[in-house]
Amino acid sequence: MPEPGNPADRIDGRAKVTGAAQYATDYAVKNMVYAAIFKSEIAAGKIIHINTATAERSPGVLTVLTYKNAPKVKETPAVWGGGFLQTTKIDFYGQHIGVVVAETFEQATHAAKLIKVNYEKAEAKVDFKKHEGEAVKAKGTDRADAIRGDAEAAFSTADHKTDAVYHTPIEHHQPMEPHATIAVWESADKLVLYNPAQVVNGMQNAVAGTFSLKPADVRIITPYIGGGFGSKGTTWGNIILAAMAAKAVSRPVKLALTRQQMFNSVGLRQENKQHLRLAASDDGKLTALAHETTTHTAVNSEYIEPCGDCSKLMYSTPNSLITYRVVPMNIIKPSYTRGPGKAPGSFALESAMDELAHQLKMDPIEFRLKNEPDKDPSNGKPWSSRSLVQCLQTGAKRFGWEQRRALPGQVHKDGFRIGYGVGCGTYPVNQRDSSAYVKLTGSGTVVNAIVEMAASDLGTGTYTILAQTASAGLGIPMKNITVKIGDSVLPPAAGSVGSVGAISFSNALNDACVKITNELMAKAGKQFPAGTTAAQIMISENIADFETRSESKAPEEAKKYSSHSFNANFAEVWVNEATGMVKVKRFLAVTAAGKIINQKTASSQIIGGIVWGIGMALTEESVLDPRYGNFVTRSLGDYHIPANLDIGEIETLFIDEDDKLSNTLGIKGIGEVSIVGVAGAIANAVFNATGKRVRSLPITPDKLI
């Protein structure tokens, strides 16, 4: 039977490729009708009047909900993006201001276009560059200034230093499956939502709080999710509107956002301006680091990406300054996006490290190795494990780093300039509270298992790694294990966010496997040899069925250590001398992330993160029209994500780490770290190829010609 670590095939793969896997809008609910949202066409002000008469008379229309007739709900901070139809106030372009419910999707969509709205406009803040000077200190204590030593004094006397501003634009998540909901009221106070949720119980609690229901009376069903990248880790206003609409017409309602609506309904990665300064002595030792981020948030709620997180701990320096300044703007609230903060922050840090290494005439890898910290510089805690040095050394040998020319712009071939770049990434390791249920049934020499938890699968392989964990923990072949997740009626669990999913789910299930084995031994009332499995006891004692449930938390000892995943990324780029187009010809990621449960799905996740990083580096940018506050880029036709032909050869390697200090199984997350250092590696490779340092993403041809 496959042990954790083996490259097992996905047990849900056949269901997905044959269409048997049911996503949110695939459920055939009887008597279902359809909803279409209509949105504000100003960025700030208020609604004077909404004329819905023509829409209400349109064929098939059942109701039109606006601020005039929407049921009253609690506007809780657990639901992001607003637009609950409780007020006439407009805070951003695209805010939900109403919903049409009709017998068919086409009827609802048509009627939504017939609604006329009169506004009283107010001056809107939508141009970040215009208003960045108004930025103030962040309100949240987790974004307070972090000061160690005296960075300013160290800069003033430094032998070598860099001082540059790095810019990353607004980006959008855009998962393959847009946000969509089917809302069903089973009774006046019992609500069922078929809705993609990265955090099943989080959404359950958020919806319950909004409608003043008991959490147990809200059921979230989400066995499969077609990608989320953070956007489905939060509960957004469209979910509330679907439930409102279903309540209003006393019928199940399906509400699916269009691709265009996704751009201002479910968050974004905010625009970040990062002022980064590094100082070093002649021997290449860092003496100071300052990472100062200026960004934007919503006018009524604060979210700030932690861009300085990598700078706090990646490299050793006695003097450090990390700050955040933010300006409230009339744009939808930013939200968690894959590698939140660390991805844009690492681009700035790793670019600056490359710049200073070039100034020092030192190899960029040698420079990083020289500044390797023996403990976490941000808090003084020892590492639970840190294999970044091994990642860099292994990657350099595998990639052929010795062929890199130190002087940029030296390698030409067939009308291209070729360059190598390196960038490092990190992401914290956290196990969140989770519970798991295991039921065993035996018949002769065959034992079957059912494992249940309210976990989620973004498409990353949760079903498979849980089956592998149960197989190893119970002594049962994977084919005899049924995994049930994605439903809030199951034992509560952490979410698939912040790289906590595999850590939390697998440790909780492993604890349940240990518990049921011990309970079976106690039931048998006799001694068993070491290593006896639950399956063996079920068979030897002729037990027909047995079940247990366990609650799991991170070990108390974990608090004593700083635990992170680390990786090193190597990029080879070819830059067309005539057009300035950049092609990532070859990419290698070497990752140290504790125990890898499934080499195949883990490698797939790393590849996905690399593709994300290539998009971040070369193509992705959401452009806002400052006249209106709406996005010019509002489809996949103009918001450019990498396609197959944009991706060259990708290789992934894992460094073996035996780290049991942060969690029992020694697992670390990989979903976030996989993107963090990618853009920096590509930007550094572009410099090595061309001699041009691009500090503003994406690196488009106009910046190179």
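Modeller: What follows is a set of questions on labels, each answered from its definition.

Modeller: This is a predicted model, in which local features need pLDDT of at least 70 and side-chain atom pairs count only at pLDDT 80 or more, while totals for chains, interfaces and linings use all residues. Residues are numbered from 1 along each chain as its sequence is written, and side-chain values use heavy atoms, with hydrogens and water left out.

Biologist: Why is the aromatic pair of Trp-80 and Tyr-336 called tilted?

Modeller: Rings of Phe, Tyr and Trp (its six-membered ring) pair if their centres lie within 6.5 Å; planes under 30 degrees apart count as stacked, over 60 as edge-to-face and the rest as tilted. Trp-80 and Tyr-336 are 5.6 Å apart, centre to centre, with 35 degrees between the planes, so the pair falls into the tilted class. The whole structure has 17 aromatic pairs.

Biologist: What makes this pair a tie between parts apart in sequence?

Modeller: Trp-80 lies in strand β4 (residues 79-80), and Tyr-336 is in the loop between β18 (320-329) and α9 (342-359), so the pair ties together parts 256 residues apart in sequence. Helices (H or I, at least four residues) and strands (E, at least two) are DSSP runs, numbered from the N terminus. Ring pairs also link Trp-80 and Tyr-336 with Trp-236 and Tyr-303 into a cluster.

Biologist: How do you know whether Trp-80 is buried or exposed?

Modeller: Buried means under 20% relative accessible area, exposed over 50%, and partly exposed in between (1.4 Å probe, protein chains only). Trp-80 has 11% relative accessibility, so Trp-80 counts as buried. Tyr-336, at 40%, is partly exposed.

Biologist: Where does Val-29 lie, and why is Val-29 called buried?

Modeller: Val-29 is in the loop between α1 (13-18) and β1. Its relative accessible area is 18%, so Val-29 is buried. Leaving aside neighbours within four places in sequence, Val-29 is in contact (heavy atoms within 4.5 Å) with Ile-182, Val-184, Tyr-194 and Pro-252.

Biologist: What makes Lys-247 sit over the ring of Trp-185?

Modeller: A charge sits over a ring if NZ of Lys or CZ of Arg is within 6 Å of the ring centre and within 35 degrees of the ring normal. The charged end of Lys-247 is 3.8 Å from the centre of the Trp-185 ring and sits over that ring. Lys-585 has its charged end over the ring of Trp-574, 4.7 Å from the centre.

Biologist: How do you know which residues of α3 (residues 105-112) are buried and on the same side?

Modeller: In α3, Ala-108, Ala-111 and Ala-112 are buried. They cover an arc of only 100 degrees around the axis, which puts them on the same side of α3; the arc is that of the directions from the helix axis to the C-beta atoms. Among the elements covering them are β1 (33-39) and β6 (96-102).

Biologist: Why are β20 (residues 412-413) and β21 (residues 416-428) said to pair?

Modeller: Two strands pair if DSSP finds at least two bridges between them. β20 and β21 have two bridges and run in the antiparallel sense, so they meet the definition. His-412 stands opposite Arg-417.

Biologist: What makes β21 mostly covered?

Modeller: In β21, 10 of its 13 residues are buried.
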